[in-house]
Every structure is written in C-alpha cells, then in structure tokens.
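Here is a short tour to read alongside the coordinates. Please keep the viewer open as we go.

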Amino acid sequence: MKKINRRQFIQGSGVITLSGLGGLQLGMARNLLGTNDGPARDLLVYVFLNGAMDGLHMVPPRSGNDYNYYRNDLRPNLHIANTESLALNGQNAFGMHPAAAGMADLFNRNKMAIVHATGLSQSNRSHFEATKYMELGAQDLGATAGTGWLTRYFQSSLHTPENALIPSVIPGDANSAAFLGDPTALAVNDPEDFTMSKGHWAWGASQAETLNRLYENPNSPEATVGHQALYTSQVIQSIDWDNYQAGNNAVYPDSQLGDQLKTVAQLYRSDIGLEVAYVPTGGWDTHDGQSYRFNNLAAELSAGLSAFYEDLHAHHPGRFTIVVQSEFGRRAYQNSANSTDHGYGNPMFVIGDTVNPGFHGQFPGLAANELFEGGDVNVTTDYRDVISEILMKRMRNRFLGYIFPDYNNYNPLNIVQGDDMTPIFDANYDPIFASGFD
Amino acid sequence: MPIDYTPKRKKPNKDIAGYRQQKKLSRRPKQPVIKTHAFISSTNKAAANPPNLIHRVLSKMAYGPNSSDVAHIKQLPGVSDETKVMAYIDEQLNPHTINDTACEQRLTGANGFTTLNKTRQQLYQQHFRKANGDTYEWSHLVRPSREVSLATILRGIHSKRQLKEMMADFWHNHFNISNDAYGVQPMFVHYDRDVIRPNVLGNFREMLYQVTRSTCMLIYLNNGSNRASAPNENFAREVMELHTLGADNYFGHMDWQDVPLDNDGYRTGYVEADVLEMARALTGWSFSGASWWDFQDGKVATGLFLYRNDWHDTGTKRVLGEDFYYTSANPQQDLNQILDLLAQHPGTNRFLAEKLCRRFISDEPNTAIIDAVANTLQQNWQAPDQIKLAMETLLKSNDFLTTWGEKVKRPFERIIGAMRQLQYKFRFNPEVEHTGWHYWTLFDTGQQPFFWASPNGYPDVTSHWLGTLSMVATWKFIQWISHFDRDGGEPNDRFLLNKVLEDTLIGLPNANDHTAAKLVDFWYEKIIGALPDSTTHNHLADLMASDDHRNAIGGDHNSAMDLTVNNWPAYNQDKLYAMVATIFFTPEFLYR
C-alpha cells in the first residue's frame with residue numbers, strides 16, 4: 001500500500017497551507033532554509049495529566065510562610081509534611097511528593113526543570129473547557145478554525161520530512177483534539193493488536209487485501225483515516241514488539257502509563273519519523289480520597305517518567321524533550337472530603353538532557369491575599385511560554401501565532417538549551433516569508 | 001514584559017463545530033415549516049448514491065436498519081414511503097404501545113440476568129455493602145453494571161423500541177456516570193432502570209431531580225458527602241455546566257450583577273459564584289451509607305436517598321441573581337426551587353435542544369431547528385411528555401428527514417448496526433462463555449457504553465471518532481462476529497450466529513442469481529441503502545468470485561455459485577460472510 005502525502009489531508013483553514021503552496025514553493029522554502037530535512041531535532045513528548053493534578057501535593061512547600069499557610073491553614077488534614085517530602089538539590093522552599101522518588105531523582109541529576117504556577121491566561125475551572133483550550137491551543141476558539149495546536153504545528157513544521165512514516169502518535173484509546181483536523185495522527189493502544197486479525201481462517205487474508213484496495217485512493221477525511229489505519233498497521237506489524245530491550249535496562253511500571261511510554265520509546269527507536277507523541281493519562285481529579293489516590297498516581301507517573309528518560313537517553317541522548325502538565329491546578333484549601341476541588345496555577349515539568357535544571361518562574365505565594373479569588377494558586381507563567389520555547393529551541397518551529405492564535409507575547413524563561421528564534425505571531429502561516437526574511 | 005492577568009470580562013467567542021457561540025432563544029420563534037417530501041441536499045458528501053428514506057431514517061433514529069424493521073415500516077398505512085415513515089415516527093414516540101416482549105424475554109433469569117429486577121435497597125445490600133460496611137467481592141460489585149451493559153446490547157439489536165434505545169443512550173451520556181468510578185457498578189441497575197429510562201421521552205425536570213437523588217450520581221460526583229462545613233462543588237459545577245445551562249452560558253469570574261438579563265428577567269448565564277452557591281444548596285443531599293455513622297450502633301444502611309439536615313447549609317443561596325431560602329418546614333425547598341429555575345431557563349432548553357439536534361441531525365445543526373426544539377422544550381417544561389413533544393418537532397423536521405452523512409456512526413452504533421443486519425443471535429447470557437469476549441472487546445473500540453471517564457459523556461462530533469485505533473478495533477469486532485459460531489462452552493452450543501445465508505436465500509431465491517456481482521449488489525444495497533459505485537462493486541465482487549481461498553481475489557463475477565455447500569477450496573458460505581463483513585468496513589457504512 002502506498003503512502004499518501006499526509007499534508008494533503010491536513011485540513012486547510014483558509015490560510016496558506018503547504019498543500020496549497022504545492023511542491024515547488026515548498027521545495028523553495030526548504031532550499032532557502034538550506035536543508036531538506038532540517039537540523040536534527042527532538043522528539044517532543046507531551047504528557048497530559050487529565051483531571052487536574054494537585055501541584056501542591058506533587059511539589060509541596062517545605063519551609064517559610066508558604067509552608068505554614070499550607071500546613072496549618074489551607075490543608076490541616078491533607079498536606080505533605082516537610083519531614084516526608086523528598087528534598088530537592090539546592091532547594092529549601094519546595095520538595096517532591098514521597099511517592100515520586102523517580103522524579104526527585106531526575107531533578108537531582110539535573111534532568112528536570114519545574115516551572116512554577118503555570119496555566120491558561122484566563123482561569124476556567126471546567127475540566128472540559130480548560131482541556132479544550134489547551135488541546136486547541138487557544139481560548140479564542142474562533143481563531144483555531146477547527147484544528148488542534150499540534151495539527152497546526154505540523155502544518156507549519158518546515159523540517160518534518162514528507163516521507164516520515166508516522167510523525168505523530170497518541171498511545172491511547174482515542175484521538176486527541178490537539179490533532180483535530182489531522183486524520184493521519186496515529187492513535188494506537190496495543191500496537192501488536194493493531195491489525196485485521198479476526199477474519200475467517202480461509203478468507204481473512206483476502207478480506208484484508210480487499211480492504212486495502214477499497215481504501216487505496218481515499219477521497220474524504222473518513223476514508224483517509226481508514227487508509228492511514230491500514231497503512232500504519234503494516235508499518236507497525238513490521239516492528240518486533242516482543243523482543244524490545246529498553247535502554248539502560250529501564251523497567252517500565254506495569255501500568256497503562258508504563259505501556260504508553262514504552263510504545264512511544266519503541267516507535268522512536270524504530271526510525272519511522274516520530275516527531276510528536278501526545279500521551280494522555282487520567283485519574284487526577286481527586287475530589288475525594290486524595291491521599292490514597294494521589295499516592296498511587298504519583299508513584300506510577302514517577303516510575304514511568306524515570307524509566308522513559310533512561311530508555312530514551314540510551315539511544316537518543318539530547319534528542320528528546322518531555323513536557324508534563326495538567327489543565328489546571330487544584331484548590332489550595334482542602335474540601336469536606338480532605339481532598340481538593342478545582343483551582344488554577346500549577347507546575348509544569350520539563351524533562352530531558354538539554355533542560356536548564358531547577359525551578360523557573362515565580363511562585364505567587366499562599367497567603368490569603370496572594371491566592372487567586374481567595375482560593376487558588378495564581379498563575380504567573382502563561383503555559384504557552386513554556387511550550388513555545390521548546391517549539392523554537394528544540395523543534396525549530398517559530399510560527400507561534402499560527403500554532404497559538406491568540407498568543408503574541410513570548411516570554412522565554414530559559415528552561416531548555418538551544419538557539420532561540422524570532423517568533424512570528426501572524427495568525428497566518430507563510431513559509432516563504434519565514435525562510436526569506438529571517 | 002509582565003502579562004496582564006486581569007480577568008477579561010467577556011465570554012470567549014466560540015464558533016467552531018460543537019462549541020458555537022450561544023445564540024439567544026428568540027421569545028417567539030416561528031414554527032418551522034414541516035415538509036415530508038424528503039430529498040437529499042446536493043451538497044451531500046457521503047455517498048455517490050444516497051440511501052433511500054427508510055434506510056436513512058433507521059440509520060439516524062435507530063441503531064440502523066434490519067430486515068424486520070424495514071418490512072414493518074413498509075406495511076404501515078400510507079401510500080408513500082414518506083407517510084409510512086411518519087407513521088413509524090409516531091409509533092416510536094410512544095414506545096409503551098409497541099409490544100417488545102420477545103426482546104424483554106432475553107433479559108430474564110432464565111438467560112442469566114439476576115439483578116435487573118432487584119430494588120435499589122437490594123442492590124445496595126446484596127452487591128455493594130454488607131451490614132458492617134464492608135464491600136462485597138468484585139464479582140458481586142460489578143454484576144449489576146455488567147447486566148445493564150449486556151441488556152443495552154441486546155435491546156440495541158432486538159428491541160422494536162429503537163428510538164427509546166437511542167434516547168436512553170443520549171440521556172445516559174448527558175448525565176454520564178463512568179462505571180470505572182468506584183461504587184457505581186452495584187447501583188447501576190437502579191440508575192438505568194429507575195432514573196434514566198422512565199424519563200427518556202418524559203420530563204427533563206423530573207429526570208434531573210431523580211439524577212440528583214440517585215445513589216450512582218451522589219457517589220460519582222461526590223455529593224453524597226457534601227456538607228455545609230466545607231462544600232464539595234464537584235456535582236454543583238457539572239449540574240450547571242453539563243446538565244442544564246451548558247458551558248456556553250458560563251461567564252467565568254464575573255460578578256453576577258454584570259451578567260446581562262434577558263427580556264424575561266433571566267440572568268443569561270452563570271458565574272463562578274453561582275457554582276459555589278449551588279454547592280451550598282446541594283449540601284446534605286446524600287444517601288444512606290454515605291457516612292461511616294450509617295453503619296454504626298446497629299443502624300442499617302440502605303443506599304436510599306437521604307436528606308441530612310445537619311449537613312445542609314441553611315443560609316440563603318443566591319443563584320443567577322435570585323435568592324433561595326431554607327425553611328425548616330420544607331428543608332429541600334431551596335434546592336428544588338433552584339432545579340425549577342434551571343429546568344425552565346432558556347439557556348438550559350437551548351443547550352438541550354442543540355445537543356439533541358447534534359445527536360440526531362448533524363454535528364452542526366441549523367439554528368432554526370435548534371430554536372424550534374428549544375421552544376418546544378421550554379413551552380412544555382412542566383409537561384410529563386415534554387421531551388416526546390420536542391422529539392416530535394425534531395424528527396418530523398426537514399432537517400432530520402432530508403439530511404444524510406452529516407454525522408458518522410460511532411463504534412457502538414456501527415457494531416450494533418452490523419449485528420442487526422446480521423441478525424446476530426448470540427445470547428449475551430452473563431454466565432455463558434464468550435459473553436465476556438464481546439464485553440471486553442467493546443473497550444478496544446473506544447466506546448464501551450457507560451465507561452466514558454468524564455461526566456460529559458462520549459463526544460458526539462465526527463472529529464473525535466476519526467481515529468485509527470477505534471477504526472481498526474471496530475472493524476475487527478465486526479470481522480469476528482460475522483463468522484463467529486459459538487454460543488456457550490459446550491460442543492453442541494456450536495452453530496452459526498448470523499442469518500446471512502437465510503436472508504440471501506429470501507432476497508435472491510433463484511440459484512441462478514447467486515453470482516458474485518448480484519450477491520455484492522444485494523448485500524451492499526441492504527447494508528448501505530444504495531448500490532455501490534463501480535470501483536467498490538468490483539473490489540467486493542473480486543473477493544466474492546474467487547473459487548479457491550488459497551488463490552484468492554478475482555474470477556468470474558457473473559457465474560452462479562452453489563451457496564448450499566461450504567466445501568474446500570471455495571468455502572462459498574464463509575466467503576459470503578467475509579464479503580458481507582467487508583461492506584461494514586467501507587467508508588459509506590460510517591455515515592448516518
């Protein structure tokens with residue numbers, strides 16, 4: 001089965017798109033950049049903690065006034081005492097949840113940056129609204145023209161090779177709205193199972209071949225998904241999943257997240273052009289039973305990220321960046337179930353060999369007059385500042401106004417190493433301009 | 001450069017699919033012109049040959065056509081398909097008048113269903129918590145939920161009350177409860193049988209009230225432990241955002257005084273403070289068993305609704321600018337009056353209307369039909385048949401009758417639709433082997449009913465369901481059931497579960513017609529509602545024409561084959577099942 005040009009099927013949005021430009025001009029843009037494939041770039045792994053991870057539980061205060069507010073006033077029955085939280089190198093103010101030893105270890109080995117108090121520029125305490133804004137990459141949804149932020153990332157990525165087999169993957173049950181408008185994004189849960197294997201013994205093979213023929217020339221988004229499913233199924237079945245040896249003898253936790261991260265690592269190792277992995281994980285909406293539930297979630301996340309880092313580092317040192325975030329943080333004070341309701345500001349974690357380790361950004365404080373609307377950790381860093389810095393320095397894409405349509409104020413915090421670029425805030429995307437007038 | 005974090009006092013502009021900017025319900029919307037002359041709009045993108053009317057209607061208000069429902073509609077009174085379809089809609093709007101005994105008999109104890117008739121209290125005491133508060137073992141905990149899932153599959157395939165099944169699916173998703181949440185599964189029979197199903201074509205205010213008091217929802221969104229000393233706002237937020245006013249009417253961190261009033265004096269939206277006030281009003285609405293004390297000192301927890309006055313905030317609540325008062329004579333008055341306000345609010349009725357239109361018509365329904373359905377809902381907000389009246393407006397509209405392909409079937413709809421066409425006979429007995437295979441494989445498709453993790457329910461827009469994994473998993477499920485031949489663990493339980501051969505011999509009684517070309521066209525038209533284009537026809541006929549499975553694909557499309565035998569090397573019957581299954585994998589089968 002032949003590989004279709006995936007860009008042809010990424011919906012246009014009324015602006016200039018690569019498919020609209022045609023191959024000649026695209027080639028010209030590439031020549032102006034001086035390369036066909038661009039410089040070596042990272043694998044971007046975006047881990048989304050659905051449900052709102054409680055940042056004050058994961059990265060609890062350890063000293064000072066904030067610790068006193070946290071322990072005595074806000075969370076008398078829920079806090080992580082400073083005798084229990086894990087110490088972080090060179091830090092007095094904050095520690096790590098005791099179940100997250102792997103994450104503390106990454107921090108202490110200078111492989112992790114933590115950005116304080118990030119979030120949407122306008123608070124919204126609805127999971128679905130806030131998640132939608134992040135997946136679509138804008139709070140002004142009219143500006144997104146029905147595409148997700150990663151769809152627009154790929155539309156404007158001059159360096160993504162045309163012949164990349166599987167540039168994007170969502171290891172999960174369903175597609176993410178971050179790829180809205182890109183029917184070629186690969187959603188796959190158990191890769192070995194991703195094949196038409198349930199046919200009748202005599203006729204299953206002919207049936208599968210007939211299916212390939214039916215989808216050979218897709219002419220609608222629906223047919224394109226079928227085409228892509230059949231095509232990527234063949235690619236994935238050519239990978240030896242059973243005999244995978246994780247790098248550095250990394251041991252993934254026996255959990256869904258462990259399997260998801262392992263799938264990403266295996267695909268990255270398989271040289272199929274993987275560029276972005278969107279890893280959805282859930283369970284963080286701890287309105288009740290938080291102590292117990294969070295403990296398990298933090299342990300799973302920490303063990304997963306730790307193994308994932310070791311595995312990626314063994315084969316692609318310096319060639320990956322992992323970002324971890326939630327739609328928002330949780331309320332600073334506990335609720336009637338010794339747990340927490342929805343809040344606002346929350347830490348983001350950036351992991352890789354090229355991070356500038358330590359804490360970044362400004363923690364706004366936990367005094368009553370410092371809390372947002374009297375109850376939430378405030379936001380001091382627009383989460384798009386964090387992602388945009390990675391997009392430019394690590395992914396070499398500076399079409400920030402196209403990827404995040406209502407964003408025009410790039411404030412890098414120097415979280416990762418790499419050459420910064422001049423951001424382009426135009427909501428339209430024009431690679432000729434980008435390459436000719438830099 | 002500092003960022004301006006001053007809350008911007010405006011609603012976000014929302015105008016992409018599914019999140020459109022809320023347009024105000026006009027006070028006296030014109031009634032839409034109802035036409036029964038159905039035709040396909042010329043912009044139809046779904047198929048070269050659009051399906052016939054009966055096929056379209058059964059694909060949109062039912063889980064797809066099957067032989068008996070098509071035959072039933074054709075014998076209804078009327079001279080044209082249009083009038084027959086109108087008669088069918090009238091039947092479906094009154095499900096109690098439809099005899100469904102044959103379907104319901106599949107759900108009895110004789111078929112392994114042991115919990116569907118248990119009372120709420122029996123479910124609690126026999127499947128959730130023992131007298132000392134300990135929970136039962138896992139198999140007891142999950143059994144009621146499993147039986148509801150299997151009953152939902154069986155009703156989808158066999159029930160003649162197809163609209164009721166579609167409505168039950170709609171309201172279950174509207175008031176979604178994930179069965180992954182601890183404590184929901186033992187009580188889910190109550191939620192399905194007593195809370196959702198009696199009201200699917202009834203009154204929204206009544207359904208909202210029953211949901212608010214249900215053990216499942218009180219557990220799922222934590223209101224069972226919501227008390228005045230420290231309110232838990234989980235349920236309060238979702239009631240306003242997901243169940244009534246909708247996120248489009250959320251004004252965020254604004255003062256309530258700044259929310260504009262409409263002509264009738266309603267605040268046009270809600271703000272963060274309203275959520276907190278709603279949470280206060282909901283304090284004390286709980287169930288027996290929600291507190292540790294319910295199991296102490298010889299008390300017996302029942303799982304029944306329990307209003308706890310000592311947990312209730314007795315202060316005045318201000319919601320949407322109106323004050324609601326607690327009285328000791330009628331301590332549940334404050335919340336009940338708030339539920340009244342929410343149920344009659346124009347924002348709620350428009351939100352519900354838009355969701356109904358999105359479910360039954362298009363991802364992006366027209367404003368006029370939304371307004372018409374919203375108007376019917378609101379004019380009749382206290383009527384016991386409020387939702388039925390609204391559905392009549394919807395189903396008899398041009399928007400419903402004439403459109404095609406503006407939605408895709410979700411995986412569950414595709415699978416049940418295939419089972420209906422195959423006349424799938426599997427028993428789905430909870431105690432019989434292979435039932436579990438069907439149950440667990442549904443998870444792979446991304447749409448196991450009642451297991452969407454969040455309270456907003458399975459998405460109802462095409463973009464969500466265009467995923468490679470869901471596509472392959474759904475195909476594989478159909479690939480398997482189309483030749484599956486076991487209905488139990490015993491050797492004598494082995495028999496074919498589909499009726500493809502019977503339907504073929506009825507439709508093409510002359511053996512000379514059993515050519516690859518005619519078999520393909522017969523089944524394609526039956527499943528898709530129209531004839532295939534030549535490319536599709538030829539690919540399917542190439543599969544059907546092969547006379548040797550080892551050397552497959554290709555052959556004479558026009559010579560008859562013997563369907564009475566299933567012998568090496570052609571295996572004609574198995575080949576027929578494989579070809580029929582492949583029609584379910586075409587892009588055309590996706591549309592509804």
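## A strand and its neighbours

In which sense do strand β1 (residues 43–49) of chain A and β6(A) pair, and over how many bridges? The two strands run parallel, with six bridges between them. One bridge partner pair to look up is L44(A) with T321(A) in β6(A). On the model in general, please note that it is predicted.

Strand β6(A) also pairs with strand β7 (residues 346–351) of chain A, here antiparallel and through three bridges. In that pairing, V324(A) stands opposite F349(A) of β7(A). Strand β6 (residues 320–325) of chain A is largely enclosed by the rest of the structure, because six of its six residues are buried.

## The nonpolar core

The largest nonpolar core has 267 residues, and those with the most contacts inside it are V45(A), M112(A), V350(A), M278(B), V373(B) and L394(B). Helix α10 (residues 290–315) of chain A supplies the largest share of this core, 10 residues.

Leaving aside residues up to four places away in sequence, V350(A) touches T321(A) and V323(A), and its other partners include M112(A), A113(A), V115(A) and I415(A).

D353(A) sits in the loop between β7 and β8 (358–360) of chain A. Is D353(A) buried or partly exposed? With 18 other C-beta atoms within 10 Å, D353(A) is partly exposed.

Not counting residues up to four places away in sequence, D353(A) touches K111(A), H313(A), P317(A) and G318(A). The C-alpha atoms of D353(A) and T321(A) are separated by 7.8 Å, although the two residues are 32 apart along the chain.

## Where the chains touch

On the A side 61 residues are in contact with 67 residues of chain B. Elements of chain A that each supply at least two residues to this side are α5 (127–136), β4 (186–187), α7 (204–214) and α8 (221–237). Of these, α8(A) gives the most, with nine residues. Sorted by class, the side of chain A that touches chain B has 29 polar, 20 nonpolar and 12 charged residues.

## Chain B as a whole

Chain B holds 26 helices and four strands. Its radius of gyration is 26 Å, close to the 25 Å that the globule rule gives for 592 residues, so chain B is as compact as a globular protein of that length. The C-alpha trace of chain B spans about 85 × 60 × 60 Å along its principal axes. Of the 592 residues, 53% count as buried. Among contacts in chain B between residues at least 6 apart in sequence, 70% join residues at least 24 apart.

## Confidence in chain A

The average pLDDT of chain A is 87, and 89% of the residues score at least 70. Over residues 1–38 of chain A, however, the pLDDT is below 50, and this stretch has 57 contacts in the model beyond near neighbours in sequence. Where pLDDT is low, the predicted coordinates should not be read in detail.

Notes:
Residues numbered from 1 in each chain as written. Chains lettered and ligands numbered in written order. Predicted model: local features only at pLDDT ≥ 70, side-chain atom pairs only at ≥ 80, totals over all residues. Contact = placed C-beta atoms within 7 Å. Nonpolar A, V, L, I, M, F, W, Y, C, P; charged D, E, K, R; others polar. Buried ≥ 20, exposed ≤ 12 C-beta atoms within 10 Å, placed from the backbone. Pairing = 2+ DSSP bridges. Rg over C-alpha atoms; globule rule 2.2 N^0.38 Å. Core = buried A, V, L, I, M, F, W, Y, C linked by C-beta atoms within 7 Å. pLDDT = per-residue confidence, 0-100.
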